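Please look over the structure below before reading on. The questions that follow take its parts in turn.

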Amino acid sequence: MNNDLSMLPEGIPLKDIGRKIRNYRHEKELTVEALASQCNLSPSLISQVERGLSTPSLDSLWKITHALGISLIELFEESSNERVTVIPREEQKVLILPKSNVTYRLLSPVNNQTKLEFLSIVLEPGTWTHRDLVAHKGEECGVVVHGEMTVVVGTKEYLLREGDSIYLDSTIPHRFFNHGDQVAIGIWAMTPASF
């Protein structure tokens with residue numbers, strides 16, 4: 001399994017992601033130091049990410065995009081005016097993060113014009129989606145299509161077996177965990193697009 005985020009989603013080099021982060025930072029008229037302070041990250045990490053010299057973790061990308069007021073998906077978006085989009089499996093964007101056994105496959109168009117985001121989450125046994133609980137605006141709903149998955153929402157845990165679904169307010173801190181001994185796969189919808 002390729003865990004190199006530097007070329008993920010397929011065809012988008014890390015330098016392009018860094019360039020977009022820098023452009024959004026300039027639009028917000030933030031210095032590297034100011035953005036780093038808002039993200040609780042070091043200025044050198046922000047600088048290295050912007051120059052494509054460092055591979056950020058998902059947690060770091062979440063913090064950066066939240067501070068910039070954008071969704072994570074905007075770093076990977078392509079412009080499109082299509083009202084109907086078919087995305088062949090081989091063209092779906094895939095995120096496999098460094099030092100992680102979590103795979104995100106984006107099933108909906110990657111652009112800032114869609115209001116709904118649709119993705120699959122594949123968790124290897126013993127894997128969390130995030131080190132910390134994550135909160136973002138919107139709402140989401142998911143169904144487990146293979147294996148079992150524990151969804152932690154606030155201080156509560158919900159065990160989902162194959163076929164079970166869950167709805168949650170995304171502003172409540174949450175994360176997913178595969179406590180089982182087989183791969184867990186969930187299909188998730190979120191609005192607004194926030195990944």
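G142 stands opposite I166 in β7. This is a predicted model, in which local features need pLDDT of at least 70 and side-chain atom pairs count only at pLDDT 80 or more, while totals for chains, interfaces and linings use all residues. Residues are numbered from 1 along each chain as its sequence is written, and side-chain values use heavy atoms, with hydrogens and water left out.

Q: In what order do the elements of the chain run from the N terminus on?
A: The chain has four helices and nine strands, where helices (H or I, at least four residues) and strands (E, at least two) are DSSP runs numbered from the N terminus. From that end on, the elements run α-α-α-α-β-β-β-β-β-β-β-β-β.

Q: Which strands stand at the edges of the open sheet?
A: Six strands form this open sheet with antiparallel pairing, in the order β1-β2-β3-β9-β4-β7; two strands pair if DSSP finds at least two bridges between them. Each edge strand has a single partner strand, so one side of each is left without a neighbour in the sheet, and these strands are β1 (93-96) and β7 (165-169).

Q: How many bridges join strand β4 to β7?
A: Strand β4 covers residues 139-146, and β4 and β7 run antiparallel. The number of bridges that join them is five.

Q: Is S120 buried or exposed?
A: S120 is found in strand β3 (residues 117-123), and among the residues that S120 touches, not counting those up to four places away in sequence, are G186 and I187; contact means heavy atoms within 4.5 Å. Buried means under 20% relative accessible area, exposed over 50% and partly exposed in between, with a 1.4 Å probe and protein chains only. Because its relative accessible area is 8%, S120 is buried.

Q: How many residues of helix α4 are buried?
A: Helix α4 spans residues 58-68 and is mostly covered. Its buried residues include L58, W62 and L68.
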